[in-house]
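Subject: Structure handover

Hello,

Here is the structure for you to look at. Please open it alongside this email. My notes follow below.

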Amino acid sequence: MIVKEKYFEIVDEVLSHNFLGKIAVDATVGRGNDTLKLLKAVGEKGFVYGFDVQEDAISSAEKILKDFKNYKLFLESHENIDKIEKFDLVIYNLGFLPGSDKKITTLKDSTIISLKKAKKKINCGGIIIVVSYLGHENSFEEREGVDDFIKNIDQREFKVEKREFYNQKHNPPIVYLIEKKAKS
Ligand SMILES: C[S@@+](CC[C@H](N)C(=O)[O-])C[C@H]1O[C@@H](n2cnc3c(N)ncnc32)[C@H](O)[C@@H]1O
């Protein structure tokens with residue numbers, strides 16, 4: 001399958017590269033599906049950190065992560081991502097927690113604060129994945145702000161791709177891939 005039609009196919013494609021032994025961060029843990037994928041990608045010698053502001057999210061994620069030990073979840077905003085010294089992979093799956101209060105969502109300002117910090121902390125060759133949805137409250141403002149922030153990332157330091165599902169109706173998600181270049 002060359003052309004993708006779901007956001008997770010793009011995430012899976014990125015994670016199929018070799019991240020074994022690396023440090024990864026799930027900036028929006030939710031039910032833990034992405035955290036689980038990150039744990040599989042980094043293997044038992046790697047480590048995964050996660051952030052979410054909802055207890056409901058952290059506790060349901062812990063259930064699906066029960067077979068793993070090499071992770072730590074913070075009941076905190078991803079604005080605190082800089083408490084982690086260095087990492088190689090980060091995923092932001094923006095929006096609200098499925099099956100929960102749709103009013104608790106990621107927000108433009110805190111997402112951008114976190115992205116700024118992630119850019120500083122990510123190792124050369126490391127990737128930041130941002131999945132952005134539209135439709136819920138605040139999502140249009142967040143999309144516009146995040147898109148503008150990512151568009152203006154210095155091309156001397158980072159490679160940036162924006163992937164859209166161009167012919168899909170009903171506001172399909174956009175996936176941004178941001179890779180830190182090696183120092184020349
Ligand atoms: C679309 S869901 C994430 C889906 C999740 N990655 C999964 O695999 O199930 C977005 C999550 O972001 C969380 N969130 C909202 N604001 C946040 C913040 N400032 N820092 C971290 N997480 C936040 C929400 O509580 C929600 O669980």
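In which helix does I113 lie? I113 lies in helix 4, residues 108-121. Helices here are DSSP runs of H or I with at least four residues, strands are runs of E with at least two, and both are numbered from the N terminus. I113 is partly exposed, with a relative accessible area of 37%. Buried means under 20% relative accessible area, exposed means over 50%, and partly exposed falls in between (1.4 Å probe, protein chains only). I113 and H78 are 35 residues apart in sequence, and their C-alpha atoms are 8.7 Å apart in space.

Some ground rules. This is a predicted model: local features need pLDDT of at least 70, side-chain atom pairs count only at pLDDT 80 or more, and totals for chains, interfaces and linings use all residues. Residues are numbered from 1 along each chain as its sequence is written, and side-chain values use heavy atoms, with hydrogens and water left out.

Now the whole chain. It has five helices and seven strands. Along the sequence they run α-β-α-β-α-β-β-α-β-α-β-β. The radius of gyration is 15 Å, close to the 16 Å from the globule rule for 184 residues, so the chain is as compact as a globular protein of that length. That radius is taken over C-alpha atoms, and the rule is 2.2 Å times the number of residues to the power 0.38. Buried residues make up 49% of the 184 residues.

Next, the inside. A nonpolar core is a set of buried Ala, Val, Leu, Ile, Met, Phe, Trp, Tyr and Cys residues joined through side-chain atoms within 4.5 Å. The largest one has 26 residues. Those with the most contacts inside it are L38, V48, L65, L73, L89 and I129. Contact means heavy atoms within 4.5 Å. Several elements each supply at least two residues of this core, among them helix 1 (7-15), helix 3 (55-64) and strand 5 (122-132). Helix 2 gives the most, with five residues.

What does V48 touch, leaving aside its neighbours within four places in sequence? V48 is in contact with A24, T35, L38, L39, V42, N70, Y71 and K72. Apart from this core lies another, of 24 residues, including L94, I122, V146 and I174.

Over to you.

Best wishes
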